[in-house]
Amino acid sequence: MKVDRNGEKMELEVNVKEQNGDMLVTVKGDVDLYTSPRVRSALVKALTKTSGGVGIDLREVTYMDSSGVATLVEALRAAGQKKLDFFLVSPSKPVMKVLELSRLDSVFRIRKDS
Amino acid sequence: MNCPDLRIQVRSEPRFLKCIRELLRSYVVNSGFSRDQAESVALAVDEACSNSIRHSYGGSCDEFFEISLRSDPAGLEIVVTDQGRPAPPGEIARRKADPTAPEEVKPGGLGLRLISEVFDEVDFRPGQERGNRVIMRLKRKSEG
């Protein structure tokens, strides 16, 4: 497990890879004010590396707060400006809960992968 | 005087938010609420604490905010208090503006909306010269 500059275990994993012409960002763990900047950086990077689309796999996200939601919204806007596709892949129950409470659950394109 | 069951001071560092959530989940379930309700309360209190860190203290990690927890037969009362910049008049209402359109999403505003969605009563009290207090209450729902 990675550690941050304080030597603390970072409980968020973020990976970026190309998949079928899209860039796929996979996030595992809690997305909050402490960890959401890493998700943001990964999405910014992914949006520069594709001419197709960017997806974010959220099936193993164990928690998300408004900073995580704002990160997703920011990516959606940035993708739109670049005329790229942006979609959520299999958002976990905590992710859907915060999107529903935020009334943003119908704003994102959602793909369910098995 | 209704004294809190727990009162903790937390350094204004985002890395401690996870600890706060775990404490809240445990306390809310221990107080007789469901795990679903505990998750919602943990989210809302995380938002209140995040607001203290980001807005009241401008991201400084050298300050402290306080969380107090109390439960009784009527329900839960959770108070988050900081000593930072008080929210200017009208800012709370502005930050709670309807974020249903993506263009309107602002992180602070969305947090306040989430808090209001989870709790039955929310009382935001900016101080005159310093600090903010947000009092959040969740009623016990009778069964049957």
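Eight bridges join E2(B) to the antiparallel strand E3 (residues 75–82) of chain B, and a hairpin of two residues links E2(B) to E3(B). I take two strands as paired if DSSP finds at least two bridges between them; helices (H or I, at least four residues) and strands (E, at least two) are DSSP runs, numbered from the N terminus.

The model is predicted: local features need pLDDT of at least 70, side-chain atom pairs count only at pLDDT 80 or more, and totals for chains, interfaces and linings use all residues. Residues are numbered from 1 along each chain as its sequence is written, chains are lettered from A and ligands numbered from 1 in the order in which they are written, and side-chain values use heavy atoms, with hydrogens and water left out.

I then turned to E2(B) and its other pairing. Strand E1 (residues 6–11) of chain B runs antiparallel to strand E2 (residues 64–72) of chain B, with six bridges between them. Val10(B) stands opposite Phe65(B) in E2(B).

Next I examined the interface. I find 28 residues of chain B in contact (heavy atoms within 4.5 Å) with 24 residues of chain A. The rule gives five salt bridges across the interface of chain B and chain A, a salt bridge being a side-chain nitrogen of Lys or Arg within 4 Å of a carboxyl oxygen of Asp or Glu. I noted that Asp36(B) forms a salt bridge with Lys93(A), with the closest N and O atoms 3.8 Å apart.
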